[in-house]
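Good morning, colleagues. I would like to take a few minutes to walk through one model. Please have the sequence and the structure in view as I speak.

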Amino acid sequence: LSGPAIKPVALRCVWQVCQAVSAPVIGVGGISSAEDVLEFILVGAHAVQIGTANFMRPDMAFRIAERLPALMDELGIKSLDEYRGTLATG
């Protein structure tokens, strides 16, 4: 199982690992857009890896990196450091 189908599980696992360790965590699993990147940062990831999406479009990482600053502006996110790990759990 890989690609978008794994993303919900990957997000949960990254969140759990970020709660358990103080080391930087790299989020991976189903990342194919700038929105996906922000979701992994939201749960605490310090960086992300793009895997399966690169098979569909070898330039995917560049496209996402290009889109990310504009998306952050649209959402009012000033910095990834301030946004990282801010998921509110009830």
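Let me begin with D81, which is part of helix 5, the element spanning residues 80-83. Please bear in mind throughout that this is a predicted model. Is D81 buried or exposed? D81 counts as exposed, because its relative accessibility is 60%, and the cut-off for that class is over 50%.

L68 is one of the residues touched by L38. If we set aside residues up to four places away in sequence, L38 also touches L71, M72, L75, I77, L80 and Y83.

L38 matters for the next point as well, which is the largest nonpolar core. This core has 23 residues, and those touching the most other members are V14, L38 and F40. Which elements give two or more residues to this core? They are helix 1, residues 7-20, helix 2, residues 34-42, and helix 4, residues 60-75. Helix 2 gives the most, with six residues.

I turn now to how two of these helices are arranged. The axes of helix 1 and helix 2 lie 9 Å apart, and the helices pack at an angle of about 30°. Helix 1 is therefore roughly parallel to helix 2, since angles under 35 degrees fall in that class. On the side of helix 1, the contact is made by K7, A10, L11 and V14; on the side of helix 2, by D36, E39 and F40. Sorted by class, this contact has four nonpolar and three charged residues, and no polar ones.

Finally, the cysteines. A disulfide is a covalent bond joining the sulfur atoms of two cysteines. How many disulfides does a search of the whole structure find? The search finds zero.

C13 is partly exposed, with a relative accessible area of 38%, whereas C18 is buried, at 18%.

Thank you for your attention.

Notes: Residues numbered from 1 in each chain as written. Predicted model: local features only at pLDDT ≥ 70, side-chain atom pairs only at ≥ 80, totals over all residues. Heavy atoms only, no water. Disulfide = S-S within 2.5 Å. Buried < 20%, exposed > 50% of the residue type's maximum accessible area, 1.4 Å probe, protein only. Core = buried A, V, L, I, M, F, W, Y, C linked by side-chain atoms within 4.5 Å. Helix = DSSP H or I, 4+ residues; strand = E, 2+ residues; numbered from the N terminus. Contact = heavy atoms within 4.5 Å. Axes fitted to C-alpha atoms, helices over the stretch in contact; angles between N-to-C directions. Parallel < 35°, antiparallel > 145°, perpendicular 65-115°, else oblique. Nonpolar A, V, L, I, M, F, W, Y, C, P; charged D, E, K, R; others polar.
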